[in-house]
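Subject: Structure handover

Hello,

Here is the structure for you to look over. My notes on what turned up in it follow below.

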Amino acid sequence: MSDLRELYQSVILDHNKRPRNFREPEGANRSARGDNPLCGDKLIVFLEVDGESVKDAAFLGSGCAISTASASLMTEAIKGKSTAEAEKLFGGFHALVTSDPTAPAETRGLGKLEVFAGVREFPVRVKCATLAWHTMHAALAGGAQAVSTE
Amino acid sequence: MSGGFDVERVRKDFPILRQRIHGKPLAFLDSAASAQKPTPVIEAMSRFYESDYANIHRGVYELAERATLAFEGAREKVRRFLNAGEAREIVFVRGTTEAINLVAQAWGREHVATGDEILITHMEHHSNIVPWQLLCQEKRAELRVAPVDDRGALRMDQFEKLFSPRTKIVAVTHVSNALGTVNPVREIVRLAHERGVPVLVDGAQAVPHGRVDVRALDCDFYAFSGHKVFGPSGIGVLYGKAGILERMPPYQGGGEMILSVSFEETAYKGIPYRFEAGTPDIAGAVGLGAAIDYVTALDAGAVAAHERELLDHATDRLSKVAGLRFIGTAPQRIAVVSFVLDGVHPHDVGTILDREGVAVRAGHHCAQPLMDRFGIPATVRASFALYNTKADVDALVAGLHKVREVFG
């Protein structure tokens, strides 16, 4: 049970049940779709980008607890940041969830996102945790293709 | 133990089931995706590689002769298994998917034209949808889809109404991989034949759960995969009535399928070799033959009764799990249960069950149109085979209680 508790921490369960920024913002000027059809995770990330600043971030969609909570916590984390900072967080988050589970987790600068350290024990769930981030990255880059991490 | 069936003895034939996963006994409930292999299959393949292997149909030496006999022997075993009239009606392919693509291309290209229709059902696996879509796009033909009811049973009244003078072929699954629904294939074939329409049956999920008689069904094509019937992956079968196969052009070109080749003209071999270009999965065919020997040596009635008991036990226990909703409750079903849990995504259920040693499938089961029909993105599917026990069901139910503990 202990590694399951690590994965499904209360913060993750809370954000799964009550996802934050679960809406389509009126001022959104960037968006991208993320789709992991095999497991059934589907989301759209909306961003309001003003110059170099992410003024608003939100999402809509449906998926597993890991992908939903990850999208929810991501929108909170990148809101108000610069686009470069948002990309840097993506890098740090990606490094965290794909790192060696036997080594100490590198969570510096990630704030609340550190709750995803438990994903390291579940390599098949990395694609769930990173879907929203890859989609956010695509929205910033302005790609038209749906993103998939499967 | 039920009837003449000793499940503990059967389990001893499947070495993979002896292990523990995350410290728990393995409860393997994903045989509809791919079944585990008994020792006789594994040994038959090793023995073949160790003592009889060579390429087939071409060498003049002893080993080539032995390998050819083993390969053609496997074809004869498949013929008997399906009760086909002749061994040349058995085409070896990679699996059900390739079998359907073969028919869609080799038969479909000749017989389907602009404005024609292909009739399938709403419960098809993607492998019995996409090959027909490709053909329809190429020919500007139309795919017509027979609906299923809320229990996941085919609506036969609607199915019959979808025939038109432009219907060129019916392609239907024998058993739904996502819901376990058994379709009335004999009746479907009768309705189609009354209108002069041939029928392809996707038998991937039917063959592991009971004897199939293609002559009794009177279907024109029947496809199945070796790996779902306790044989190796990479080998499968297309049965086709000789009269239809003989009139079909080749599927792929290459060695093995030709009589003579010059740059001006190539003459093709007769059936089934015309459809078997290139060196096939020879050891795979041998393994499939061993798998067929294995299942046909068991008492089919006793196996069916055992699987029925598992389905009843699973239905009973799962119906007591709070917030669980079955998807697919058709009266005619094989031992497959598909369900969703309130407020928990199937993928999370799958992860937690895995930690309890329970292997299930979570996802859309390559049947997205069917998932859309029920308004869900995915289900948890537990599928049973002859080596499963009531203890496996109980492990599943205990695992679902763990899911509730985690998710509240």
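**A loop residue in chain B**

B:Cys366 sits in the loop between strand 16 (361–363) and helix 13 of chain B. Please bear in mind that this is a predicted model. The phi of B:Cys366 is positive, about 55°, although the residue is not a glycine. B:Cys366 counts as partly exposed because its relative accessibility is 21%, and the buried class takes in values under 20%.

With a relative accessible area of 40%, B:His22 is partly exposed.

There is a cis peptide bond between B:Ile271 and B:Pro272, with omega at about 0°. B:Pro272 belongs to the loop between strand 12 (266–268) and helix 10 (282–297) of chain B.

B:Arg79 is part of helix 3 (residues 62–82) of chain B. Its relative accessibility is 16%, so B:Arg79 counts as buried. Leaving aside residues up to four places away in sequence, B:Arg79 touches B:Ala84, B:Gly85, B:Glu86, B:Ala87 and B:Ile90.

**The two domains of chain B**

Chain B splits into domain 1 (7–30 + 299–407) and domain 2 (42–296). Taken over C-alpha atoms, the centres of domain 1 of chain B and domain 2 of chain B are 28 Å apart. Contact between them involves 31 residues of domain 1 of chain B and 27 residues of domain 2 of chain B. The two domains of chain B bury about 2,400 Å² between them, with 62% of that on carbon and sulfur atoms. Of the area that domain 1 of chain B buries against domain 2 of chain B, 25% is supplied by B:Ile334, B:Leu370 and B:Arg373, more than by any other three residues.

One salt bridge is found across this domain interface. B:Arg373 forms a salt bridge with B:Asp150, and the closest N and O atoms are 2.8 Å apart. The interface between the domains of chain B also has 16 residue pairs in polar contact, both residues at pLDDT 80 or more.

On the side of domain 1 of chain B that touches domain 2 of chain B, helix 11 (300–318), strand 14 (336–341) and helix 13 (368–373) each supply at least two residues. Helix 13 of chain B gives the largest share of that side, five residues. By type, the residues of that side of domain 1 of chain B are 19 nonpolar, seven polar and five charged.

**The contact between chains A and B**

Here 22 residues from chain A and 17 residues from chain B take part. Chain A and chain B bury about 1,600 Å² between them, and carbon and sulfur atoms give 57% of this area. Two salt bridges are counted between chain A and chain B. A:Asp3 and B:Arg355 meet through their side chains in a salt bridge, at 2.3 Å from N to O. There are also eight residue pairs in polar contact between chain A and chain B, both residues at pLDDT 80 or more.

Helix 1 (2–7), helix 2 (10–17), helix 3 (65–78) and helix 5 (126–141) of chain A each bring at least two residues to the side of chain A that touches chain B. The largest share of that side, four residues, is from helix 1 of chain A. The residues on that side of chain A are 13 nonpolar, three polar and six charged.

Regards

Technical notes. Residues numbered from 1 in each chain as written. Chains lettered and ligands numbered in written order. Predicted model: local features only at pLDDT ≥ 70, side-chain atom pairs only at ≥ 80, totals over all residues. Heavy atoms only, no water. Domains from an automatic or database assignment. Contact = heavy atoms within 4.5 Å. Buried area = accessible area lost by both parts, 1.4 Å probe. Salt bridge = Lys/Arg side-chain N within 4 Å of Asp/Glu carboxyl O. Polar contact = N/O pair within 3.5 Å; in protein donor to acceptor, adjacent residues only side chain to side chain. Nonpolar A, V, L, I, M, F, W, Y, C, P; charged D, E, K, R; others polar. Buried < 20%, exposed > 50% of the residue type's maximum accessible area, 1.4 Å probe, protein only.
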